[in-house]
2 protein chains.
Amino acid sequence: MTNYPSMESPNCPTPLPHSDRIVMGHGSGGLLTNRLVKQVFMPRIGNAILDTGDDAALILDNLKNSYAVHKLVLSTDSHVVSPLIFPGGDIGRLSICGTVNDVSMLGAAPLYLTAGFILEEGLDVKLLEKIVDSMHIAAEEAGVSIVAGDTKVVQRGKADGLYITTTGLGVVNYPNNISGASACPGDIVIVSGTLGDHGIAVLAARGELGFSAEVKSDIAPLNHLVQEMIAVSKHIHVLRDPTRGGLATTLNEIAHQSRVSIILDEKAIPIKPVVAGACEMLGFDPLYIANEGKLIAIVAKEDATYILKAMQKNPYGIDAAIIGEVHEYSSAEVLLKTEYGSTRILNTLSGEILPRIC
Amino acid sequence: MTNYPSMESPNCPTPLPHSDRIVMGHGSGGLLTNRLVKQVFMPRIGNAILDTGDDAALILDNLKNSYAVHKLVLSTDSHVVSPLIFPGGDIGRLSICGTVNDVSMLGAAPLYLTAGFILEEGLDVKLLEKIVDSMHIAAEEAGVSIVAGDTKVVQRGKADGLYITTTGLGVVNYPNNISGASACPGDIVIVSGTLGDHGIAVLAARGELGFSAEVKSDIAPLNHLVQEMIAVSKHIHVLRDPTRGGLATTLNEIAHQSRVSIILDEKAIPIKPVVAGACEMLGFDPLYIANEGKLIAIVAKEDATYILKAMQKNPYGIDAAIIGEVHEYSSAEVLLKTEYGSTRILNTLSGEILPRIC
């Protein structure tokens with residue numbers, strides 16, 4: 001099953017009770033699945049396309065300017081964050097924003113999403129409803145519709161509450177190719193706000209900090225921010241959201257794709273004191289900690305100030321800052337000029353700092 | 001991360017070993033994730049779009065006839081089948097065919113797929129390679145490319161080997177609206193082959209039959225079959241693949257969407273003797289057992305013979321048969337005329353017969 005038909009047969013002999021816990025039958029594809037869809041999904045994420053009840057969603061009819069469409073973008077992410085709810089967000093908001101942001105990072109406007117749910121038997125349906133509510137709120141904020149979905153159930157102990165895989169479709173309306181391969185020597189590196197908030201918030205929610213810290217995840221849909229940046233400059237070369245592996249890993253990917261070196265100015269990198277403090281106590285480097293509502297932009301030097309100003313006007317770009325420059329490739333891909341005047345190499349994350357952060 | 005960058009930093013200080021088992025670090029988004037992608041995914045499902053290494057896949061540039069595109073189709077399915085490998089297929093082939101088929105059921109030609117993997121810590125990488133090989137073979141057969149992917153790892157005991165969520169994008173080139181809501185009184189119901197093979201094959205692989213039966217799953221990509229049907233008739237009204245819940249549940253959905261009754265002729269419904277025998281011993285009705293390589297077509301009476309002949313020329317339609325007719329809604333949505341001359345109502349599946357069948 002893919003779309004969510006509103007099916008309650010007139011000859012259904014046994015009305016089924018309202019569900020409080022997920023049971024295996026919710027994955028049957030039959031009446032119990034339908035009842036769950038009607039109880040949990042349709043009231044929250046229903047829309048004309050999802051309601052059709054077919055095996056797939058027919059969509060381009062509804063695309064704005066369908067005749068002008070030349071470039072589409074597809075992106076997918078599976079979400080397995082633990083715990084399911086944490087300060088500043090939950091797996092539902094994460095699943096929408098993660099995919100909205102990935103689509104946006106090619107300069108595309110995300111329009112349609114799909115969502116595949118893997119539910120663990122015994123899951124509290126109230127919790128599921130809360131998470132789908134959160135998806136709805138995030139989708140509304142981003143201005144995207146969920147046009148197809150699927151629900152599977154696995155036995156107790158074969159998942160961890162629930163996992164959500166979202167896929168996004170977007171349209172590019174930008175003249176140039178925004179890509180990790182487009183960074184040029186001379187370009188300026190901008191980050192949209194403080195780093196490490198998401199990773200530390202999830203760690204705090206797990207009780208793994210060993211002390212209390214008031215940190216909220218930064219999870220946010222960045223598509224509107226991206227469109228506002230695009231509106232003021234034709235010279236945005238790279239956009240990327242530094243999620244797993246953090247700023248350092250993401251910049252290594254970009255430097256590698258573009259065959260350049262990136263030199264960062266440590267004192268310019270925005271980090272909340274509480275996050276910096278938590279990282280220091282735990283022995284983490286905040287430049288490797290995951291973010292879920294931040295982006296890195298690499299832009300032509302002459303447009304950097306305009307772009308920065310446009311970013312700072314958006315609620316998700318208030319703390320945006322210029323943090324470095326792109327150079328011809330020399331000794332390493334990413335280098336950090338420290339506050340003490342020395343320079344150190346920032347490598348790609350090699351092991352695992354924080355599992356199941358997204 | 002969404003696309004799969006080929007990233008092996010020139011300044012990577014510690015070459016990482018070839019992996020035999022999935023470890024949590026394979027979900028880090030860093031070097032270990034990249035190594036896994038290079039070892040397992042790129043050699044098998046790599047292509048020009050997937051190789052770009054960006055957060056999303058830019059695709060319409062590559063769509064054939066991009067200026068003529070008016071209708072796109074999106075569909076998603078999460079796959080949790082147990083066991084991972086069974087006679088006639090595995091979760092990899094299932095994940096490709098399931099989504100290819102859902103896209104095809106609106107009359108669309110599937111073009112691009114995405115795949116999100118949730119891997120359990122400790123998973124044998126050789127098994128993962130085998131499954132991705134199988135995805136590659138199925139994608140080649142269907143003629144689709146996997147253009148974006150994601151890999152997450154969860155701790156031992158938080159999944160069951162692996163789960164795969166695929167999403168498909170396709171293009172419709174058919175004048176009419178193929179939909180579950182388009183069945184009309186007088187239409188003919190065709191099924192593309194024998195029913196129940198997949199469910200019984202998976203049950204046999206689980207050792208739950210209690211006896212041995214030589215049944216293979218029917219998993220197959222049906223997109224070419226659909227295109228051949230479309231080529232001979234402009235009057236195909238409904239296409240649907242009877243997966244979870246089987247033929248009976250799927251026909252109930254269609255009858256409900258179209259507000260009609262469907263009357264089936266039991267003796268015309270193709271079922272392999274071994275499947276019929278297994279069902280009889282287990283107390284199952286094969287009309288409720290899942291299929292993964294079959295479709296139901298509801299078509300205008302005057303074209304039924306042409307369509308049936310076209311189907312029988314395709315390897316996945318050799319056993320296609322006319323099994324019933326659509327009528328004005330009367331007492332029930334789906335009725336079965338039995339071999340003994342009586343008539344019984346076929347309701348929607350209400351509980352769960354075979355969990356984790358797809």
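How many Å separate the centres of domain 1 of chain A and domain 2 of chain A, taken over C-alpha atoms? The two centres are 24 Å apart.

This is a predicted model, in which local features need pLDDT of at least 70 and side-chain atom pairs count only at pLDDT 80 or more, while totals for chains, interfaces and linings use all residues. Residues are numbered from 1 along each chain as its sequence is written, chains are lettered from A and ligands numbered from 1 in the order in which they are written, and side-chain values use heavy atoms, with hydrogens and water left out.

**View 1. The two domains of chain A.** Chain A is divided into domain 1 (54-172) and domain 2 (188-345), with bounds from an automatic or database domain assignment. Their contact (heavy atoms within 4.5 Å) takes 24 residues from domain 1 of chain A and 23 residues from domain 2 of chain A.

**View 2. The interface between the domains.** Domain 1 of chain A and domain 2 of chain A bury about 1800 Å² between them, 60% of it on carbon and sulfur atoms; buried area is the accessible area (1.4 Å probe) that two parts lose on being put together, summed over both. P87(A), N101(A) and M105(A) supply 30% of the area that domain 1 of chain A buries here, more than any other three residues. Across this interface the rule finds zero salt bridges, a salt bridge being a side-chain nitrogen of Lys or Arg within 4 Å of a carboxyl oxygen of Asp or Glu.

**View 3. Chain A and chain B about an axis.** Chain A can be laid on chain B with an RMSD of 0.0 Å by a turn of 180 degrees and a shift of 0.0 Å along the axis, with least-squares superposition on the C-alpha atoms of residues with pLDDT of at least 70 in both. The two copies are thus related as by a two-fold rotation axis. In chain A, the C-alpha of A159(A) is nearest the axis, 2.3 Å from it. The same surface serves both copies, as 100% of the contact residues of chain A recur in chain B.

**View 4. The interface between the chains.** In this interface, 93 residues of chain A are in contact with 93 residues of chain B. The area buried between the chains is about 7600 Å², of which carbon and sulfur atoms give 55%. The rule finds six salt bridges across the interface of chain A and chain B. One salt bridge joins the side chains of D150(A) and R244(B) (3.3 Å, N to O).
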